[in-house]
Amino acid sequence: MADRRPRVWVAQPLFDDTVAQLAAYCDVVATPVVSAHDSAALAAHLAGVDGALVTLNERIGADEIAGARSLKVVANVGVGYNNLDIPALSAAGIIATNTPDVLTETTADLGFALLMAAARRIVESDRWLREGHWGQWSFTTMLGADLHGSTLGILGMGRIGQAIARRGHHGFGMRVLYHNRSRLPAEVEQAVGARYAGFDELLGSVDHLLLALPYTAQNHHVIDAVALAKMKPGATLVNIARGGLVDELALADALAQGRLAAAALDVYENEPQVRPELRALRNIVLTPHIGSASLATRRAMVQLAVDNLLAGLGIGPDAGRPAN
Ligand code: DGY
């Protein structure tokens with residue numbers, strides 16, 4: 001480290017007390033939020049700093065770091081890091097860190113909230129009532145699908161997938177199937193109450209399918225028209241992972257046709273754009289990527305990212321600790 005105070009760029013407004021921790025060790029450069037698509041602005045901010053605290057909004061690859069000669073650490077405030085080109089950062093000797101664990105339960109909570117909202121048509125009911133459609137009580141108004149006693153499918157069985165499985169199995173008495181790159185040890189399967197299934201078996205046998213897997217080039221549109229056609233008629237789909245996992249036009253079509261009863265999305269392929277084909281549907285719940293957005297969890301994520309950034313720069317209270 002040079003004999004000057006390191007400079008760090010904080011890409012998003014965070015909590016003042018966490019930024020103050022950084023300011024004890026570094027010169028902090030905070031800026032208005034940069035557009036997710038403004039590569040030149042990102043590159044300009046990264047040039048001349050030693051570290052950056054970024055979020056999924058900042059997409060950083062070879063072009064953005066080309067002029068960032070002093071950059072040593074990019075600390076992502078988030079568990080998913082598909083906004084970072086890891087091979088490009090590694091090739092440049094830049095450490096990348098993320099914030100696993102601290103957001104697992106909060107994100108699983110949102111997954112369940114969305115599942116319930118979609119399956120029991122809560123948002124649709126709210127809108128319908130406010131629009132003045134409720135003439136009189138009727139036996140058949142807003143009939144939805146049960147969670148209890150149904151089969152829940154989870155695609156991606158990392159920390160968040162397992163937290164969802166526990167909620168489904170232990171909390172709602174659901175039968176839980178999962179598909180994952182690798183099968184979990186038998187004792188973990190037993191603890192979370194989930195059974196491994198092949199991809200097609202999962203699609204064809206679950207009443208509700210929840211996506212909780214990291215996005216990679218290999219699983220782009222893993223839920224496409226073909227996969228949607230294999231799902232049980234009347235099933236529910238929930239995506240709390242990344243938008244690129246789902247072919248949104250194929251999903252809109254399956255919902256419009258009534259092949260799927262309902263869906264809920266917290267993530268989109270081209271955030272913050274949400275396709276008009278999705279917005280037009282009544283049987284879909286749309287939230288603006290708020291999986292980890294509880295106050296306590298967002299604070300914990302920022303704290304972990306600050307710790308990671310300082311550790312990566314070799315300064316701060318835990319100097320010498322390997323970055324997360
Ligand atoms: C994550 O951590 O990856 C979330 O999507 C951002 O809150």
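Which residue in β12 does Ala-264 stand opposite? It's Val-285. Keep that pair in mind as we walk through this structure, which is a predicted model.

Let's start with the strand β11, which covers residues 260-265. This strand is mostly covered, with 6 of its 6 residues buried. On one side of the story is strand β12 (residues 284-286), which pairs with β11 in the parallel sense over 3 bridges. Then there's strand β10 (residues 235-239), which also runs parallel to β11 and is joined to it by 5 bridges. Here you can look for Thr-236, which stands opposite Ala-262 in β11. How does the chain get from β10 to β11? It crosses through helix α11 (residues 248-257), and this β-α-β crossover is right-handed.

Now zoom in on Ala-263. Leaving out residues up to four places away in sequence, Ala-263 touches Ala-118, Thr-236, Leu-237, Val-238, Leu-251, Leu-255 and Ile-284. Together with Ile-154, Ala-263 has the most contacts inside the largest nonpolar core, a group of 58 residues. Helix α5 (residues 104-119) gives this core its largest share, 8 residues. There's also a second, separate core, made of 41 residues, including Leu-22, Ile-65, Val-73 and Val-77. As a bit of background, nonpolar side chains tend to be buried together in soluble globular proteins.

Next, find the ligand. Around the ligand you'll see Leu-56, Gly-78, Val-79, Gly-80, Leu-103, Gly-291 and Ser-292. Are there charged residues in this shell, or none? None: the shell divides into 3 nonpolar and 4 polar residues.

In the loop between β11 and α12 (276-279) you'll find Pro-272. A cis peptide bond joins Glu-271 to this proline, with omega about 0°.

Asp-101 sits in the loop between β5 (95-97) and α5. Its phi is near 75°, a positive value in a residue other than glycine. Is Asp-101 buried or exposed? Asp-101 counts as exposed because 12 other C-beta atoms lie within 10 Å, and the cut-off for exposed is 12 or fewer.

His-289 isn't a glycine either, yet it has a positive phi of about 50°. You'll find His-289 in the loop between β12 and α13 (295-313). With 18 other C-beta atoms within 10 Å, His-289 is partly exposed.

Key: Residues numbered from 1 in each chain as written. Predicted model: local features only at pLDDT ≥ 70, side-chain atom pairs only at ≥ 80, totals over all residues. Core = buried A, V, L, I, M, F, W, Y, C linked by C-beta atoms within 7 Å. Buried ≥ 20, exposed ≤ 12 C-beta atoms within 10 Å, placed from the backbone. Helix = DSSP H or I, 4+ residues; strand = E, 2+ residues; numbered from the N terminus. Contact = placed C-beta atoms within 7 Å. Pairing = 2+ DSSP bridges. Right-handed = clockwise from strand over helix to strand, strands pointing away. Near = placed C-beta within 6 Å. Nonpolar A, V, L, I, M, F, W, Y, C, P; charged D, E, K, R; others polar.
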